[in-house]
Amino acid sequence: MSEKDLINQIQSNLWFTPVLYIFYSIVLLSVSLVVDLNYNLGDRMRPLFAVDYELTLSLVSTLTLANLSLTIFTFNLVLVVFATFSGQFSPRTLRNFMASKATQRVLGIFTGSFIYVLLSFLFLNKRIAEYYFAVPLVATILAILSMGTFIFFINHAVAWLRVNQMTDDIKKEALNIINSTLRKELDAYKVKDFNDTDEQIREGMGSQIKAGKSGYIQRVDFIMMIRKAQEDDIIISLEYTIGNYIFETTPILTYWNKHEYSIHEDKYLTLFSIGKRQTEDHDIEFSINKLVEVAVRAIGNYDPKTAKTAIYQIGEVLVSISRVADNSRYLVDDENNLRLILQKRDFNHYLYSGLGYIRHYAKDNVIVSTDILDVLDQMAKSLHPSDYQSVWDFAVYSAQGFENLFLFEHDSQQFYRALRSIATTTNNLPEYEKILKKI
């Protein structure tokens, strides 16, 4: 795992930010105690702000119970949100709420405030200082901050329970993966024309490297793999890619060695991160599948509005894939020599992964199927022309079998108007006329 991935994984955990805020609260408490106990600031401020030991002790003890109550209630609210997300949408959407900076900072403020007042309660000493200033003042400010944070968190949780907020966050997650993985990381190495002087070598069997570990492929360091392949002067073909589940004995890659000397195969296995679960950090398809699960759950719960929202978000992600991604599977080194062959993942693959499952579960739902055609129509107007045929083929597949399911004439008009618009954009009007004649 790279240093960047490790930092992202740590920061996405629910415990990271609260632990960081606890550290801040301990530092703040240390400063407050030094000011009050060593410099007697409370005694000096008596003309303006006089808080004796008994009042400070009573205030701190009361705020300790109050902060503990708010913290417990907040964690209960988090559990309610988790249960709602798992049951109504998808258990895979929990990470988005958990990794939200707002959620983590709220829990951090509560835990940090509680630790501050709890430890200050232990360190108050009447024999050292009879009057206090910094400790009660900071405790009061933290209590006010906690109350305001609690109100903010209720609004934050309610906002997240609205499907628009959740699906928009998942969509942004997928778009970030597209920009980081497809555009910034790999585009510089993808080419259509290269020095393919080793085509005959690749016609041979090649040598395979087994995974040695079972689980999901979470990340592949493509750039380092290209560099190591250049050093060993070999060509590598990936048998599996990010998001695939592999067994311990599964051949994860095949390489062709042009020389007689052997290479250290283990160093290539270190370029794969394999874990027990799929992650959203580099897996575009996994992020798309979360939106698919939301749409499918909504169809099953008779919630067409939520399904429509998720379908449109999927469409936006697919458009971004079409406009950004280069379909070339071949990665070259800085000398334009072929070094890495990726597993095929074209636009048609992502289109089926995004809308194919929804179309299957909405096979008898004319309204949702019409929404799919509307999304395809909007997509066709924004896609790269090379992907027009994929959209048209999918639209035809989606339109099949609905001639006997229209309840109203308006349903039929909307359905075929969307299909005709797709045919017009993708230059398939003759095919559209043939479909109408068959009905």
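**Close-up views of salt bridges and contacts**

View 1. K434 counts as partly exposed, at 48% relative accessibility (buried means under 20% relative accessible area, exposed over 50%, and partly exposed in between, with a 1.4 Å probe and protein chains only). The model is predicted: local features need pLDDT of at least 70, side-chain atom pairs count only at pLDDT 80 or more, and totals for chains, interfaces and linings use all residues. Residues are numbered from 1 along each chain as its sequence is written, and side-chain values use heavy atoms, with hydrogens and water left out. The side chain of K434 meets that of E431 in a salt bridge, at 3.8 Å from N to O; a salt bridge is a side-chain nitrogen of Lys or Arg within 4 Å of a carboxyl oxygen of Asp or Glu. E431 and K434 are separated by about one helical turn, because they are three residues apart in helix α18 (residues 429-438). E431 is also partly exposed, at 36% relative accessibility.

**View 2. The whole protein chain, for orientation.** The chain has 18 helices and 10 strands; helices (H or I, at least four residues) and strands (E, at least two) are DSSP runs, numbered from the N terminus. Of its 439 residues, 48% count as buried. The accessible surface is about 22,500 Å², and carbon and sulfur atoms contribute 55% of this; accessible areas come from the Shrake-Rupley method with a 1.4 Å probe, and for residues only the protein chains shown count as cover. Among contacts (heavy atoms within 4.5 Å) with a separation of 6 or more, 80% are between residues 24 or more positions apart. The salt bridges number 11.

**View 3. The salt bridge between K267 and D232.** The side chains of K267 and D232 form a salt bridge with an N to O distance of 2.9 Å. K267 belongs to helix α11 (residues 266-269) and D232 to helix α10 (residues 222-232), so that the pair, 35 residues apart, links distant parts of the chain. K267 is partly exposed, with a relative accessible area of 21%, whereas D232 is buried, at 11%.

**View 4. The salt bridge between D233 and R339.** A salt bridge joins the side chains of D233 and R339, at 3.1 Å from N to O. D233 is in the loop between α10 and β5 (234-238) and R339 is in strand β10 (residues 338-341), so this pair ties together parts that are 106 residues apart in sequence. D233 is buried at 18% relative accessibility, and R339 is buried at 5%.

**View 5. Q313 and the residues around it.** Q313 is part of helix α13 (residues 304-324). Its relative accessible area is 11%, so Q313 is buried. Residues up to four places away in sequence aside, Q313 touches N164, T167, D168, K171 and L291. A network of salt bridges links D168, K171, K172 and E316.

**View 6. Y39 in a loop between helices.** Y39 sits in the loop between α2 (16-38) and α3 (41-44). The C-alpha atom of Y39 is 9.4 Å from that of A129, a residue 90 positions away along the chain.
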